[in-house]
Amino acid sequence: MISFENDYIAGAHPLILQRFVETNMESLTGYGADGYCESAKEKIKKACECQDAQVEFLVGGTQTNAIVISTMLHDYEGVIAASTGHISTHEAGAIEFTGHEVLEIPGENGKIGADSLKVFIDNFYADANHEHMVFPGMVYVSHPTEYGTLYTKNELKKISEVCHSYDIPLYLDGARLGYGLMSRESDLTLPDIAQLCDVFYIGGTKVGALCGEAVVFTKNNKPKYFMTSVKKRGALLAKGRLLGIQFDTLFTDNLYFEISRHAIEMAEKLKNLFHEKGFHFYLESPTNQQFIILENTQMEKLKEKVRFSFWEKYDENHTVVRFATSWSTTEEDINMLNQL
């Protein structure tokens, strides 16, 4: 079976596995206080051009979203997100489980707009009963979005301006950040994101790591005793070296960006293949996720030879499915799909 099911079907990049073997017998202190974690943090700060950033490593995306959001919000606040946002749809209620509501606003192709964000917040404070409601305390965006779309630098700048005008933080979910940054259509850089966002994370799980995400607080705004809160929520890894070694490797010799660029190159080949074969796209994604509309019987037949993800029903006879490339996708995978 060929698999385009998601961007974490493979284990870890070979260079990461190599570093695990090379460092395996070293006796290191735990909980992220080792030299590899410190080295990785310095490399990430340099890549962000934000030397004052505070960087911490967490084990996965759901834990990261739940912990960052819950530790930065007051108990009377919720987080604003697009109705199609990851925390709105595919986090199994993890945010709500922390006691904070996800305040959904309409999006377009997975993105929220600065104007609609401002209207939402203005309407909240214009409501005479707003003290009986959940206060908007943070804005959540993802880049790329759930639909593989990207924010432009200008769009993110305007959202940032709205957030700061109300003194609420802007949080960017970067589970697939490498693929967004390396897209041919992206005009955002890592330093841009560090400048415009109050906190974001650099995804490792979906971009070459075995597991792990790097959280970057950019405004000297890491919550007090943050790692204590991480441990309280069951997400502190005793062998923190495992996260540090991975990010230290990913941010050596531009590996994170090079393997992300490879995924984009494979996605472009995949997109061209679908166009040549006359498939219809649900939308044109510039990143590693491609959304195709399949007739249901056609979908069932294709399932026999290739793995892909259900996304949503299109109508009674058609379904939107997702094909994802990653750092591990090969030319052979594309060629095999072309022969089906």
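Author: Gladly! This is a predicted model, in which local features need pLDDT of at least 70 and side-chain atom pairs count only at pLDDT 80 or more, while totals for chains, interfaces and linings use all residues. Residues are numbered from 1 along each chain as its sequence is written, and side-chain values use heavy atoms, leaving out hydrogens and water.

Reader: Why is Thr329 called buried?

Author: Buried means under 20% relative accessible area, exposed over 50%, and partly exposed in between, using a 1.4 Å probe and protein chains only. Thr329 has 7% relative accessibility, so it counts as buried.

Reader: Where is Thr329, and what is it in contact with?

Author: Thr329 sits in the loop between strand S13 (318-324) and helix H14 (331-338). Helices (H or I, at least four residues) and strands (E, at least two) are DSSP runs, numbered from the N terminus. Apart from neighbours within four places in sequence, Thr329 is in contact (heavy atoms within 4.5 Å) with Phe4, His262, Met266 and Ile334. Its side chain also reaches the backbone nitrogen of Ser326 at 2.8 Å.

Reader: What makes the peptide bond from His143 to Pro144 cis?

Author: Its omega is near 0°. Most peptide bonds are trans. Pro144 belongs to the loop between strand S5 (135-142) and helix H7 (153-165).

Reader: How do you know whether the radius of gyration agrees with a compact globule?

Author: The radius is taken over C-alpha atoms, and the globule rule is 2.2 Å times the number of residues to the power 0.38. For 340 residues that gives a value near 20 Å, and the protein has 20 Å, so the two agree.

Reader: How many helices and strands are there, and what share of the residues is buried?

Author: The protein has 14 helices and 13 strands, and 55% of its 340 residues are buried.

Note on methods: A polar contact is a pair of N or O atoms within 3.5 Å; within protein, one must be able to donate a hydrogen and the other to accept it, and residues adjacent in sequence count only if both atoms are side-chain atoms.
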